[in-house]
Amino acid sequence: MAEAEPRGRAKEARDAGAARLAVRRTAKLYVGGAFPRSESGRSYPVTSAKGQHLANAAAASRKDARDAVVAARAAFGGWSGRTGYNRGQILYRIAEMMEGRHAQFVAEVVDADGVARNKAAALVSAAIDRWVYYAGWADKFSQVIGGSNAVSGPYLNLSSPEPTGVVAVIAPPQAPLFGLVSVVAPVIATGNTAVVVASERAPLPAVTLAEVLATSDLPGGVANILTGRLSEIAPHLATHADVNALDLAGAGDLAAGLEKDAAATLKRVLRPDPAGTDWTADPGLTRITPFLELKTVWHPVGV
């Protein structure tokens, strides 16, 4: 006699025990709040510090870089027009969302850097704390940097900082999560929008961070993350006429050439520290002030 087909919970139990197909991950770009593949259709393999294959990541092209700049420019008006208090709330929300995915970030930092799990956990916690740090600065930096100026005459003179615009950020490859957060957070905290080139060697923490950004009230286009070959993407951003500033933190040997390219369009450039950057040190305002313009207003008094 043939065995009867199981039904209900019995059938579910049988299905749960069945072998599953592998769901292989292809990390996407993050542009304008969406997760497109590279328009070129290219990807490249990402391996762990021990050489194990982890996933394939999208290899962004020149067209992808242009699309990211367009998205960042479109988002600039709305983002820079928000109050610093509101921007701080959203940055704090990003920290909350990262906290909920702490274990995933730890696993990815372990794979990326080959460090012990407790060391990776400390780096992830530091990255979350850095979002909170810049969330606090979002509505305070203008009081510290700006102010009333002494004038010899019947005038009132006030200076106030304003965001520069679209900032291209080269994330440091040696700190694919903590360093990434340390360079992106100050840019957007002050009202700029960002196009970020993630670590070419270890892009997966940046891809997961993009998933956090997409679900944390940050408007689409404020932060755009590209993965792929740095030597291919960065020159297009350095020469792009609609990019206002360049953070070369992770540019390495390409830094001098990119700075030269940026000069043609009069970009603000933050050079990498030749001695290396200690990402655990208190950053103060060192990564905030390079991406601000000071607007000075004169007003007659007693006339």
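Sixteen is the number to start with: 16 residues line the largest pocket, and those nearest its centre are Thr277, Asp278, Trp279, Thr286 and Arg287. Bear in mind that this is a predicted model. The space in this largest pocket comes to about 240 Å³. Sorted by class, its lining holds six nonpolar, four polar and six charged residues.

Next, the second largest pocket. Its volume is about 200 Å³. Here 14 residues form the lining, and Asp113, Leu123, Gln174, Ala175 and Phe178 are the closest to the centre. Two or more lining residues come from each of α4 (102-113) and α5 (117-137). Which element gives the most to this lining? That is α5, with four residues. The classes in the second largest pocket are nine nonpolar, three polar and two charged residues.

Now the cavity. How many cavities of 30 Å³ or more does a search of the whole structure find? The search finds one. The volume of the largest cavity is about 50 Å³. Its lining includes Val46, Thr47 and Leu54, then Glu108, Asp111 and Ala112, and also the run Arg201, Ala202, Pro203, Leu204 and Pro205.

As for elements, β2 (43-47), α4 and α8 (204-214) supply at least two lining residues each. The most come from α4, which gives three. By class, the cavity lining has seven nonpolar residues, one polar and three charged.

Notes
Residues are numbered from 1 along each chain as its sequence is written. This is a predicted model: local features need pLDDT of at least 70, side-chain atom pairs count only at pLDDT 80 or more; totals for chains, interfaces and linings use all residues. Side-chain values use heavy atoms; hydrogens and water are left out. On a 1 Å grid over the protein atoms alone, a cavity is a set of points where a 1.4 Å probe fits but cannot get out, and a pocket is an open set with protein on both sides within 12 Å along at least five of seven lines; lining residues have an atom within 4 Å of a point. Grid points are joined across faces, edges and corners, and a volume is the space filled by probe spheres set on the points. Ala, Val, Leu, Ile, Met, Phe, Trp, Tyr, Cys and Pro count as nonpolar, Asp, Glu, Lys and Arg as charged, and the others, Gly among them, as polar.
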